[in-house]
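Dear colleague,

Please find below the structure that I am handing over to you, followed by an account of what was found in it.

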Amino acid sequence: MKLDFHTHGKLAKRLPFSTKYTDWLFNEAKDAGLDAICLTEHFNTLQFDELYGYLRCIGRREGDTFVLENGLRIFPGMETDVAEGGHVLSIGNVETILELNHRLARHREPGKFLPFKKLFDLFEEYGVLAGAAHPYREGGHIPELSGEQLARLDFLDLNGKDVALDRQRTEKLTKNLGEKLAIPVVSGSDTHQAVQYGCILTEFGDETDSVEELHKMMKGGCFAIRISDQAAFKVKTACILKRALKEIHALGGDYVGILTGEKEPSSWAVDF
């Protein structure tokens, strides 16, 4: 099972949810060779509920996952900011993720983010799988927390975007922290659009539809991280594309239609 632990279903959290854009993402994920993804959408994205409501409509429920018509398996998840600076990934069944998101409603803005300890106290009520996203990205301070708090992590995210920018530093720091905490280091692309899929992935020998079983497989070490030779190119291209698509939207254009070929550029031209 080729799995991406860190993905998003929207171009950006402040943009409206688009079923066509999400369909494009999921199809491209499968075309990139992935068997499964963890959909770790930002907890404070617009229309979080609608995204997961759509997943329920288009996916066939299997255990804790949803399987799409193209065969892509999706583990529900969420990416949450903590007050200290940094992000935490959580993976669980859809009911759990939605309920957690509702309980975090009062903490979605800067200055109101929960501290790491309180967030993990909440996670422990639900038994989700939780790990540090891109722990050494600028602005993040999770590795600086006490050993007692870090011991609550289930895994670390060797992040494709950070690997593409500085592979040696990212791998060294992340793997050293994983060894220190005796927890697995897995990988996620952190993509908000499809070009970034496949820059990095985690390959397991077996397939599962259970979050609990996935955790056992992770702890057992029965996986390998694959980094594409084109990782840096994929990430750079993805960043350029994301900026361009956001600019199209800001100018009043239909970035989804342009991306999927449903509209010609002339249909969104803006007069200056």
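The notes that follow cover a pair of packed helices and then a set of salt bridges.

The model is predicted, so local features need pLDDT of at least 70 and side-chain atom pairs count only at pLDDT 80 or more, while totals for chains, interfaces and linings use all residues. Residues are numbered from 1 along each chain as its sequence is written, and side-chain values use heavy atoms, with hydrogens and water left out.

Helix packing

Helix α1 (residues 19-31) packs against helix α2 (residues 48-58) at an angle of about 60°, and their axes are 11 Å apart. Helices here are DSSP runs (H or I, at least four residues), numbered from the N terminus. Axes are lines fitted to C-alpha atoms over the stretch in contact, and angles run from 0 to 180 degrees between N-to-C directions. α1 is therefore oblique to α2; the term covers angles that are not under 35 degrees (roughly parallel), over 145 (roughly antiparallel) or 65 to 115 (roughly perpendicular). The crossing is right-handed, meaning that the near helix is turned clockwise from the far one by less than a right angle.

On the α1 side, T19, T22, D23 and F26 meet L51, Y54, L55 and I58 of α2, where contact means heavy atoms within 4.5 Å. By class, this contact has 5 nonpolar, 2 polar and 1 charged residues. Ala, Val, Leu, Ile, Met, Phe, Trp, Tyr, Cys and Pro count as nonpolar, Asp, Glu, Lys and Arg as charged, and the others, Gly among them, as polar.

Salt bridges

Side chains of opposite charge can pair when their charged atoms come close. With a salt bridge taken as a side-chain nitrogen of Lys or Arg within 4 Å of a carboxyl oxygen of Asp or Glu, the count comes to 14.

One of them joins R103 and E125, with the closest N and O atoms 2.9 Å apart. Because R103 lies in helix α3 (residues 94-103) and E125 in helix α4 (residues 116-126), this pair ties together parts that are 22 residues apart in sequence. R103 is partly exposed at 40% relative accessible area, whereas E125 is exposed at 54% (buried is under 20%, exposed over 50%, partly exposed in between, with a 1.4 Å probe and protein chains only).

R167 and E171 form another, also at 2.9 Å. Both residues lie in helix α7 (residues 167-181), 4 residues apart, about one turn of the helix. R167 is partly exposed at 42%, while E171 is buried at 17%.

With kind regards

Notes. Helix = DSSP H or I, 4+ residues; strand = E, 2+ residues; numbered from the N terminus.
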